[in-house]
Amino acid sequence: MLKELDKKALVKYFRSLGLEVNTSTKARGHQGFFVNNRIDISKNVAEHRFIPTLLHEFAHYIHTRIEAGVNRTGGTLERIFNSSNPIYKKELVRVTQFVDESSRLVKLYEMRDKIRAQIKKQEFIIKEDYPEFQRSKPFREFERFIKKSEARYLLKYDRVKILGGFWRNRERIITIDGLERDFPEIPCAFAACIRLKSLQRKGARISARINRYKKYYERPTELFARLVEGLYLDEEWVRALAPETTDRFFELLESGYYGELKNILK
């Protein structure tokens, strides 16, 4: 079985297939990287992660043999499994979350929830003075105030440098954190409105990161690579997480659909 192979044997076998395998690079900032018949494994990868990472990148190579343009498009599960069964993606997401805990994006979701709670707090402060306030509707009182105040610059940025004086040689820096200090005349509700806008910007950035990472982790080629990696780490558990997918995988493996991958798993 796979666990009986050492890394030198795997590297030697991959090279015999015509692959270039490098184990002393930074792998473009990743643990491993595959492109154009070349596999790079980071010189900084932990020893226990070497073989799983090598197999992950080899799975990308196998995928390119099945489907063209994988590096650009991410491929399709239909071609990987020669089937359009929708259960595969659902099961493979579970496998990915087992193989790579960071794919759960726990910290990002926690940050997003914290931002949402802070937004509700600012909204509550505004409604103490303006009960009819709604984020989705114009806030006329605030708009009349802010267009006459330099605090309006903080509606787009958390920190702004303002140039003043006749020759514009005097600098003044205003910040979200120093809002009341910089603008002592600002009503509490309006300060909360500015902070709410800042929190919405932060929330949008976090949501964009979540969507970007989800798109990466759910690329078919990544789902497939983590399936292969997971079968090395714990085949029994991966079968439990993805019964239909693994059944199909081994069916295709036996038929030779995944080419040289069969020589490694058997």
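Reader: Why is Ser42 called buried?

Author: Buried means under 20% relative accessible area, exposed means over 50%, and partly exposed lies in between, with a 1.4 Å probe and protein chains only; Ser42 has a relative accessible area of 7% and is therefore buried. The model is a predicted one, in which local features need pLDDT of at least 70 and side-chain atom pairs count only at pLDDT 80 or more, whereas totals for chains, interfaces and linings use all residues. Residues are numbered from 1 along each chain as its sequence is written, and side-chain values use heavy atoms, with hydrogens and water left out.

Reader: Where is Ser42 found, and which residues is Ser42 in contact with, leaving aside neighbours within four places in sequence?

Author: Ser42 is part of strand β3, where helices (H or I, at least four residues) and strands (E, at least two) are DSSP runs numbered from the N terminus. Contact means heavy atoms within 4.5 Å, and, with neighbours within four places in sequence set aside, Ser42 is in contact with Thr23, Thr25, Lys26, Ala27, His30 and Gln31.

Reader: What makes the pair of Asp40 and Asn22 a polar contact?

Author: A polar contact is a pair of N or O atoms within 3.5 Å; within protein, one must be able to donate a hydrogen and the other to accept it, and residues adjacent in sequence count only if both atoms are side-chain atoms. The side chains of Asp40 and Asn22 are joined at 2.9 Å, and Asp40, in strand β3, counts as buried because its relative accessibility is 6%. In the case of Ser42, a polar atom of the side chain lies 3.1 Å from the backbone nitrogen of Asn44.

Reader: Why does Thr221 count as buried, and what does the side chain of Thr221 make a polar contact with?

Author: The relative accessibility of Thr221 is 2%, so Thr221 counts as buried, and its place is in helix α10. Its side chain makes a polar contact of 2.9 Å with the side chain of His60, and, leaving aside neighbours within four places in sequence, the residues in contact with Thr221 are His60, His63, Val70, Gly74 and Ile80.

Reader: What makes a set of residues a nonpolar core, and how many residues does the largest one have?

Author: A nonpolar core is a set of buried Ala, Val, Leu, Ile, Met, Phe, Trp, Tyr and Cys residues joined through side-chain atoms within 4.5 Å. The largest such core here has 43 residues, and those with the most contacts inside it are Leu54, Phe58, Phe81, Phe224, Phe249, Tyr258 and Leu261. At least two residues of this core come from each of α1 (7–16), β3 (38–42), α2 (47–66), α4 (77–80), α5 (87–99), α10 (220–241), α11 (243–255) and α12 (261–265). A second, separate core of 29 residues includes Leu108, Ile146, Leu179 and Tyr217. In soluble globular proteins, nonpolar side chains tend to be buried together.

Reader: How are α10 and α11 placed, by the distance and angle of their axes?

Author: Axes are lines fitted to C-alpha atoms, for helices over the stretch in contact, and angles run from 0 to 180 degrees between N-to-C directions; on that basis the axes of α10 and α11 come within 11 Å and cross at roughly 120°. The residues of this contact divide into ten nonpolar, two polar and three charged, where Ala, Val, Leu, Ile, Met, Phe, Trp, Tyr, Cys and Pro count as nonpolar, Asp, Glu, Lys and Arg as charged, and the others, Gly among them, as polar.

Reader: What is the phi of Asn37, and what is the phi of Leu105?

Author: Most residues other than glycine have a negative phi. Asn37, by contrast, has a positive phi near 60°, and Leu105, also not a glycine, has a positive phi of about 55°.
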